[in-house]
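Work through the exercises below with the sequence and the model open beside you.

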Amino acid sequence: MPDTSRAHALELDARDPLAGLRKRFRLPAGVIYLDGNSLGALPDDVPGALDDVVRQQWGVGLIRSWNDADWWNAPTRVGAAIAPVIGAAPDQVVCGDSTSVQLFNTMIAALRMRPGRNVILTDPATFPTDAYLADSVARLCNAEVRRVPAAEAAAVLAADGADIALAAYNHVDYRTGELRDLAGITAAAHAAGALVLWDVCHTAGAVPIDADAHDLDFVVGCSYKYLSGGPGAPAFLYVARRLQQDFDPALTGWHGHAEPFAMESGYRPADGISRGRIGSPPLLNMLALEAALGVFAETDMAAVRAKSLALTDLFIACADELGLEVATPREHALRGSQVAVRHDAAHPIMAALIDRGVIGDVRPPDILRFGFNALYVSYADVVDAAAVLGDIVATGAHLDPKYAVRSTVT
Ligand SMILES: Cc1ncc(COP(=O)(O)O)c(C=O)c1O
Ligand SMILES: Nc1c(O)cccc1C(=O)C[C@H](N)C(=O)O
């Protein structure tokens with residue numbers, strides 16, 4: 001039986017090589033934050049950096065800061081800082097725009113790069129924005145969306161892949177936290193002549209992605225979850241170097257032009273990853289993200305992954321002891337960095353948890369989600385959160401009518 005005692009958790013914290021990174025984040029007193037898989041906690045470096053960007057770079061530098069503070073190159077500079085986190089050699093990652101925009105842009109580029117093929121293969125359980133965009137892209141490009149669960153994707157690609165242009169999958173199921181077979185689906189897609197687009201929103205900064213080692217084609221991820229870039233922080237796009245000269249995105253904005261300030265009347269794409277740029281980037285968010293990324297230079301993704309698995313192992317053991325139904329796979333190879341617990345009263349239980357300072361979220365119909373960012377969640381947090389959860393379920397505290405009211409964002 002795993003040891004779920006608080007004393008043992010404190011021992012684990014004392015031995016944790018990442019424990020020192022927790023102070024790099026501003027965590028409110030009295031809160032156990034287990035929703036970094038939706039919005040990451042505030043890094044300590046961000047307020048000062050933003051203050052400088054607003055007061056000095058914007059307030060004093062004004063338009064000069066495009067040059068003097070190198071705003072112009074921020075998308076590729078911040079992309080270069082994200083690259084090691086996702087296992088990418090330099091010059092393959094650009095930062096900017098939302099995940100949704102990047103997904104749309106890349107799906108169309110992939111269809112253009114595989115003429116004669118008209119199918120986008122995706123998961124029926126994909127994150128909603130991915131599904132909605134695939135359907136819209138299909139309407140725009142006269143293509144078809146074929147919905148095949150990730151577990152069956154490699155077999156479908158092998159048996160019936162001739163018309164598939166793109167396999168577009170989420171690295172982690174946002175509900176259950178199940179980690180998908182990135183290597184297997186990618187290899188099967190390539191054997192079938194298709195491209196792959198991985199949405200790594202739930203793994204960037206939490207799970208090694210090894211984009212180059214796995215020979216991925218396109219990767220899109222957000223930066224406001226495990227990367228802690230802040231609300232609305234821009235997404236990133238990886239285009240493998242070998243594909244960049246053929247990358248033909250839908251959104252041909254002027255920042256992706258070969259010579260933006262030549263103000264030419266026609267579009268000529270920039271070389272390399274810069275052609276993934278679109279229009280003016282959200283610089284305040286992007287420069288906050290740049291400051292947030294500093295912490296990743298002080299650790300490596302193998303250490304982050306090892307602690308994340310240990311945290312989720314411990315939480316699963318606690319949930320087992322409480323007799324709760326865990327929806328997240330127990331095998332490490334199949335687990336992201338969150339634990340999902342099924343309960344018919346998921347909403348009121350989460351409301352009661354939040355009331356007591358334990359912040360997670362819920363997803364329909366019955367999933368309580370708990371995300372574990374190894375950079376700032378401690379083992380003591382895990383057992384303390386589980387103790388509050390156990391107390392609520394045992395006492396029926398969640399049955400209080402005040403917890404029946406649902407908030408807009410959960
Ligand atoms: C897998 C996945 N893709 C996309 C998104 C969101 O896209 P956007 O950043 O455009 O809101 C999320 C979360 O919101 C997500 O979990
Ligand atoms: N992106 C979000 C937002 O704009 C508002 C509220 C929550 C989010 C999230 O990130 C949700 C998250 N992607 C999920 O897995 O459900």
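**Exercise 1: a helix pair**

Task: determine how the axes of helix H1 (residues 6–15) and helix H12 (residues 379–395) are placed relative to one another.

Solution: the two axes, as lines fitted to C-alpha atoms over the stretch in contact, come within 7 Å and cross at roughly 155 degrees, where angles run from 0 to 180 degrees between N-to-C directions. H1 is therefore roughly antiparallel to H12, since angles over 145 degrees count as such, those under 35 as roughly parallel, 65 to 115 as roughly perpendicular and the rest as oblique. Helices (H or I, at least four residues) and strands (E, at least two) are DSSP runs numbered from the N terminus.

Next, list the residues that meet: Arg-6, Ala-9, Leu-10, Leu-12 and Asp-13 of H1 face Tyr-379, Ala-380, Val-382 and Val-383 of H12, contact being defined by C-beta atoms, placed from the backbone, within 7 Å. By class, this contact holds seven nonpolar, no polar and two charged residues, with Ala, Val, Leu, Ile, Met, Phe, Trp, Tyr, Cys and Pro counted as nonpolar, Asp, Glu, Lys and Arg as charged, and the others, Gly among them, as polar.

The model is predicted, so local features need pLDDT of at least 70 and side-chain atom pairs count only at pLDDT 80 or more, whereas totals for chains, interfaces and linings use all residues. Residues are numbered from 1 along each chain as its sequence is written, while chains are lettered from A and ligands numbered from 1 in the order in which they are written.

**Exercise 2: a ligand shell**

Task: which residues surround ligand 2, and how do they divide by class?

Solution: the shell consists of Ser-38, Tyr-174, Cys-201 and Val-409, a residue being near if its C-beta atom, placed from the backbone, lies within 6 Å. These residues divide into three nonpolar, one polar and no charged.

Definitions and conventions:
Two residues are in contact if their C-beta atoms, placed from the backbone, lie within 7 Å.
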